[in-house]
Every structure is written in structure tokens, then in C-alpha cells.
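Have the model open as you read.

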Amino acid sequence: MQLFIDTANVQEIRTAAGWGILDGVTTNPTHIFKSGRPFEEVLQEIFSIVDGPISVETVSLEAAGIVNEGRAVARFHKNAVVKVPVMVEGLKAVKQLAAEGIRTNVTLCFNALQAYLAAKAGATYISPFIHRKEEAGQDGLEMIKEIRGIYDRYGYKTKILAASIRTTREVLECLNAGADVCTMPFNIMESLYHHSMTDAGLKMFLDDWKKVPPVKLFAAAPAGR
Ligand code: E4P
């Protein structure tokens, strides 16, 4: 499963990219607003940090406008993926963009039927929103499993990009449900590394290491003792 970061905060993107496990980025209008920076400027910086798919969302509500925005996004950078809300006009635009070889990410998906329609329209990615659905008292993970089943059964190539992730448990469940990609906030990605028993075990090992007589092997290494 590929790992994307869901933000337009370049410090966070830079840090996560430095960890060596980041495959791509998803942005949305809220992320751009929160960055407090001009749209083109923040995008340019994100594209310079990550050499992978970067979703940029359109804001028109009619197909012609979405297609124009999508073409502009695609011209902006070769790694751009055009993010389009799942709606009639959105999927009309996705079909046109796909015909032009432009990659799309259909967003704001809340059920498997919407994911089916996005795949029929030729979407590159579908973004089912897990946590927002869970918050509404509905089963977000079941939705991922249903989409996986439908795509596999009918041979749709659209990739399942699990979105709206707010817990590490949801990341694990996406792995188990067969998502192709999971996008998450920086704090969740960082939390994936941690376990209290890892910290306790590391402390014990390092405390004991201090009692070992000096060794030659690590002499040149900066860390340790
Ligand atoms: C999807 O790509 C969206 O940017 C995102 O995952 C929305 O998540 P939220 O529910 O945390 O806002």
C-alpha cells in the first residue's frame, strides 16, 4: 500500500519525505487555505519536494470548468493528479480528462456505488472518506472492502486511495481491507513508527550498553557511547 501525506504544509511534507517512505501528497482547498500561502507558490514547493503523484483539487461545479482547471493543473506539473468531487458534472469531466491522458482522483466518496461510477468514468484514483463516514455513525472500512470487491470482480483498474484518516488503527484497517493507497495527516504518519514497548525496550538496551566495556567497532560512529 502506498503512503501519501494529506496536507499542504511544506514543513510537514519535507519532514515526511526525509523519512524515505513517502509516495505522494493529497491536497484540498482547506489545506491550501490553512497553508496561508498563494496557491501556485505552495504547489510549486510541494512539487519540488516530492517526486510522486500530487493531487490538486478543482473547484468548478460544471464539467467544462472542471476540465479547464484540470488541464491547467496537468500543465503545471507532470506529477499532478486532478482531484474532482464525485458528482454528475465531476464524472463527466473525469471521462474527458481520462481521454486526454490526464490522471484524476475522484474525491468525497462515501459509498461503493460512487466508487463504481468513478471507475466507469476512468478515474485513476477513488478517495473514500473513512473517518468522516465513521463520525456519521456509518462503517467507513466496510466501504473500502466493498469497493475492493467490486473493482476486483469487474477488473476496474482505479486505485483505492483511502482518505479522511484520523487514527493509526484506520491505517492498519486500510492495509487489511486491500486499499492501494492511504493518505493521512502528518501526526498519524509519525505515530505509525511508535509503540510504548519499543521506547521502553530501547531505553533498557541503551542503559545496558553503557555497562559494556569500550568497543572498537563503533569507534567512528557519532551516536552511542
Ligand atoms: C482527501 O484527499 C482529503 O484531502 C482528506 O483526506 C480529507 O480528510 P479530513 O476528513 O481529515 O478532512
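Here is a short tour, starting with some ground rules.

## Ground rules

This is a predicted model, where local features need pLDDT of at least 70, side-chain atom pairs count only at pLDDT 80 or more, and totals for chains, interfaces and linings use all residues. Residues are numbered from 1 along each chain as its sequence is written, and side-chain values use heavy atoms, with hydrogens and water left out.

## Around the ligand

Who surrounds the ligand? The residues are D6, T26, N28, H31, K83, F129, R132, A163, S164 and R166, each with a heavy atom within 4 Å of it. Sorted by class, that shell holds two nonpolar, four polar and four charged residues.

## Contacts and cover

Now for the polar contacts (pairs of N or O atoms within 3.5 Å). The side chain of K83 has an N or O atom 2.7 Å from a ligand oxygen. For R132, a side-chain N or O atom also sits 2.7 Å from an oxygen of the ligand, and a polar side-chain atom of R166 is 2.7 Å from a ligand oxygen. On its own the ligand exposes 340 Å², and the protein buries 89% of that; these areas come from the Shrake-Rupley method with a 1.4 Å probe.

## A look at S127

Strand β6 covers residues 125–128, and S127 lies in it; strands here are DSSP runs (E, at least two residues), numbered from the N terminus. Is S127 buried or exposed? S127 is buried, at 1% relative accessible area, where buried means under 20% with a 1.4 Å probe and protein chains only. Its side chain joins that of N105 through a polar contact of 2.7 Å.

Conventions. Polar contact = N/O pair within 3.5 Å; in protein donor to acceptor, adjacent residues only side chain to side chain. Nonpolar A, V, L, I, M, F, W, Y, C, P; charged D, E, K, R; others polar. Helix = DSSP H or I, 4+ residues; strand = E, 2+ residues; numbered from the N terminus. Buried < 20%, exposed > 50% of the residue type's maximum accessible area, 1.4 Å probe, protein only.
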